[in-house]
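I am opening a notebook on a structure that is new to me, and I want to write down what I looked up in the order in which I looked.

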Amino acid sequence: MTAANASVDPSSCDREPIHLLGAIQPFGFLIAVSTPDWLVQRVSANVGDWLKVAPADMLGRGLLDFIHVDAIHTLRNQLQIVNVTGTAARLFGIRIDDSPRRFDMAVHTQPGQVVIECELSAADSSVNASALVRGMMNRVQGMRDPSTLSCNAARELRALTGFDRVMVYRFAPDESGEVIAESTDAGIESFLGLHYPASDIPRQARLLYERNWLRIIPDIEAVPSPIGPTLDSAGKPLDLSHSVLRSVSPIHIEYLRNMGVRASMSVSILREGRLWGLFACHHYSPLHVSFERRTAAELFGQMFSLLMENRERETESGYENRARELNDRLVQALTGEDNRAQGIARRLGDIATQLNCDGIGLSIDGKVTLNGMTPEPRQFVDLIEHIRASTTTSGNHAINAIRADYPQASEFQGRAAGMLVMPLSRLPRDYLVFFRREVAHTVTWAGDPNKPVVAGPLGDRLTPRKSFESWRETVSGQAVPWSAADLRIANALRMSLLEAILRQSDQSEEARRRAMQRQDLLIAELNHRVRNILSLIRGLINQSHDPNLSSVQFMDVVGSRLQALARAHDLITADHWGPSLFSALIDSEAGAYLSGDAMRIQRAGPDARLQPQAFNVLALVIHELITNSAKYGALSDRRGTVTVATQLDESANLIIDWRERDGPPVQTPKRRGFGSAVIERTIPYDIKGEAQIDFEPLGVHARFLIPSAYVQCMDKAAAQPTAAATIAPDELPIPQDVLLVEDNLIIALDAVDALRKAGARDVRPASNVSAALGMIEERQPEFAVLDVNLGIENSFEVANRLLALGVPFAFMTGYGENEAFPDELAHVPRIRKPFTQQSLAAVLGRRR
């Protein structure tokens with residue numbers, strides 16, 4: 001079969017590696033260097049146009065051979081900020097050689113290398129991005145209507161960038177898009193209201209839009225500059241996902257050419273980290289927007305994203321608050337019902353008012369009840385049988401076109417075209433179904449969406465369509481899609497109904513009264529085992545409920561807590577329901593959640609055997625600590641560790657000290673949920689012990705006391721003191737009082753944190769020579785770390801003072817090995833930026 005008559009698969013566009021094209025746009029050049037030696041590994045072929053050196057002559061040589069030392073120093077300082085914040089660094093108006101030219105630079109890191117991109121600074125005066133964006137936001141933030149807000153935002157962005165057309169393009173749930181706002185130059189055809197199929201923006205392009213807020217193509221006819229070598233020693237091309245100069249896919253170039261567009265730019269609009277839409281900018285002649293103005297456009301896109309999200313949340317919040325009030329009244333009404341099926345059926349109309357729907361159907365205990373616009377009873381019964389046979393999930397699920405999955409729905413699509421299915425039992429038996437009627441409407445596409453691509457002249461490569469004339473399609477058999485707010489309301493409603501159903505089960509009145517009294521805690525005595533197991537599970541379900549969680553997330557949380565209890569139960573029953581080792585509990589939870597990284601939880605001190613009641617209580621506490629640490633604390637960072645230390649106090653109580661280190665900075669949570677209640681209250685409540693948790697900036701610190709009545713014995717072998725580590729001849733104890741001299745606040749804060757994590761107790765930062773000398777006179781430090789360049793001065797005067805006092809110190813510099821040091825300071829250890837905690841710790845422990 002030839003390419004001309006072969007069947008074309010539009011999804012092949014989704015597989016094009018647009019981040020691995022191996023070339024850049026020629027309005028700048030690219031250099032990739034290795035770390036930490038900063039040797040040139042890759043360069044773009046056009047580098048000679050800027051640096052007057054052949055690309056091949058740069059490979060393998062130090063970047064300092066081609067870039068001015070001050071520019072490299074600035075890059076290294078900015079790279080330290082990149083490592084702290086995890087974002088790309090931008091520099092404006094930098095001189096990189098002896099010529100008067102100034103460049104704008106973007107730098108980001110990849111494993112083992114730093115990627116530097118340069119373009120000429122704009123000839124006009126510097127742009128104050130924050131001031132520009134502040135004015136733009138002042139002119140749009142007072143607008144409450146999302147449509148008016150979008151139109152004015154498009155107008156502001158066009159004024160900033162100079163494009164002929166700026167559109168606000170919003171994605172639909174099926175990944176197609178619609179132009180919802182537009183600002184154009186006079187005489188340009190309007191695209192407002194046009195829809196574009198999902199294939200116009202392939203999936204991998206949408207993922208890149210989520211990583212990079214801005215993408216520009218100044219001239220689609222510009223010849224790309226290849227990057228050499230094409231492959232590295234591992235046979236991989238350079239990943240250009242975070243590149244600002246990344247070349248353009250030939251398919252996209254042809255797409256723009258077919259539209260008559262010569263230059264384009266896009267700015268992402270995100271909601272909760274996902275792509276909501278785009279500012280799409282078109283120009284009908286080449287147009288280059290300076291890096292500074294692009295930075296302002298990107299900042300405006302970020303601020304607009306937050307503003308649009310806030311406007312949508314305002315609408316959703318009113319909808320959800322009303323549903324919550326109705327839900328509370330429903331739960332109160334159902335509390336007195338003796339028959340669950342009759343109680344829900346009688347209130348079917350009230351239940352329907354919680355969601356924007358046109359009808360509702362209930363199938364419970366084999367009985368059917370319908371209200372509003374629904375299928376006929378026989379049709380509803382057949383639909384329920386289809387749902388039972390085809391549903392694989394235990395939670396709610398929604399579709400806006402029933403007939404797409406169930407062709408028989410065409411019989412009733414006028415009354416019920418979309419549905420939200422809510423299971424009311426663990427087994428696929430009972431269901432509550434919300435219906436929405438058909439909304440037939442006409443969609444205006446920018447070209448025929450059913451023919452987005454045709455076979456091109458190069459075999460199975462795809463060629464974008466050449467016609468963008470309006471094409472109208474009448475859509476039938478569909479309802480208004482269910483929104484995220486609809487799904488959140490439905491999840492909360494399902495939890496309330498399940499709670500009401502559980503309350504009406506065959507549990508005894510005594511068990512029900514006890515469970516309601518302790519609904520904010522676990523059952524007081526967890527070792528009542530079989531008699532109380534149903535109440536315990538119910539308590540876990542009720543307390544784990546969070547309206548912010550999806551049904552799948554909710555089931556994962558409940559499942560993990562039940563598994564923690566099951567693991568503790570297995571350890572206890574292994575000894576015939578006798579005391580079990582605390583160390584076994586730590587190993588079990590660490591192995592379950594950390595797998596090969598379980599060694600990151602370190603134990604210190606003697607082991608202990610705990611009675612089953614205390615063991616079960618502690619199992620949930622340790623489970624919550626580990627899962628919280630893995631999500632937010634030290635264990636969420638590959639460098640983080642947890643130390644669990646044990647000891648006996650004078651009254652033979654077991655003291656457990658949990659301390660996290662080297663994770664992300666800690667902030668006290670604004671909301672305490674069920675997990676916090678478990679950590680802070682179960683030990684005092686159930687076994688009359690003590691619990692304290694402190695959210696210290698360097699890591700969570702928790703302390704627990706297990707009363708001696710629950711501690712049967714100590715493992716004497718494990719209780720023997722650990723021999724002190726031998727100090728190597730060139731190693732010394734970590735100094736406790738350290739002076740840090742660094743003129744950049746962000747880098748100074750990072751260094752203070754790293755020095756403290758390395759073991760220093762008191763780190764005093766100074767930003768200049770005068771402040772540093774004053775601190776030395778006030779109190780002589782044990783050690784000092786000095787940044788060489790302090791802006792308009794250097795730290796050699798401080799170094800000489802320390803040398804005279806006999807205080808050991810080290811230099812921290814971004815200049816590399818070629819910095820000129822006085823002879824008397826040539827022997828001083830040096831820490832090269834960007835530093836790491838390990839490099840600082842090594843200097844502290846091996847000082848002279």
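The entries below go from the whole chain to a few of its parts.

**Entry 1, ground rules.** I note that this is a predicted model, in which local features need pLDDT of at least 70 and side-chain atom pairs count only at pLDDT 80 or more, while totals for chains, interfaces and linings use all residues. Residues are numbered from 1 along each chain as its sequence is written, and side-chain values use heavy atoms, with hydrogens and water left out.

I looked up the secondary structure and found 23 helices and 35 strands in the protein chain, where helices (H or I, at least four residues) and strands (E, at least two) are DSSP runs numbered from the N terminus. Of the 848 residues, 49% are buried, and here buried means under 20% relative accessible area, exposed over 50%, and partly exposed in between, with a 1.4 Å probe and protein chains only.

I searched for disulfides, meaning pairs of cysteine sulfur atoms within 2.5 Å, and the structure holds zero.

How do helix α5 and helix α8 pack, in angle and in distance between axes? For α5 (residues 146-161) and α8 (residues 291-335), the angle is about 175 degrees and the axes are 11 Å apart; axes are lines fitted to C-alpha atoms, for helices over the stretch in contact, and angles run from 0 to 180 degrees between N-to-C directions. The two helices are therefore roughly antiparallel, a label for angles over 145 degrees. The contact (heavy atoms within 4.5 Å) includes Leu149 and Leu157 of α5 and Phe300 and Phe304 of α8.

I followed seven strands that form an open sheet with antiparallel pairing, in the order β1-β11-β3-β2-β6-β5-β4; two strands pair if DSSP finds at least two bridges between them. The edge strands, each pairing on one side only, are β1 (23-24) and β4 (89-94). Between β1 and β11 (residues 225-228) there are two bridges, and alanine 23 has proline 226 of β11 as its bridge partner. Helix α8 returns here, lying across β4, β5 (103-110) and β6 (113-120) and running at about 145 degrees to β4.

In α6 (residues 203-211) I found Gln204, Ala205, Arg206, Leu208 and Tyr209 buried, and the buried residues of α6 pack against β7 (165-171), β10 (214-217), β12 (263-271) and β13 (274-283).

Definitions and conventions. Angles under 35 degrees count as roughly parallel, over 145 as roughly antiparallel, 65 to 115 as roughly perpendicular and the rest as oblique.
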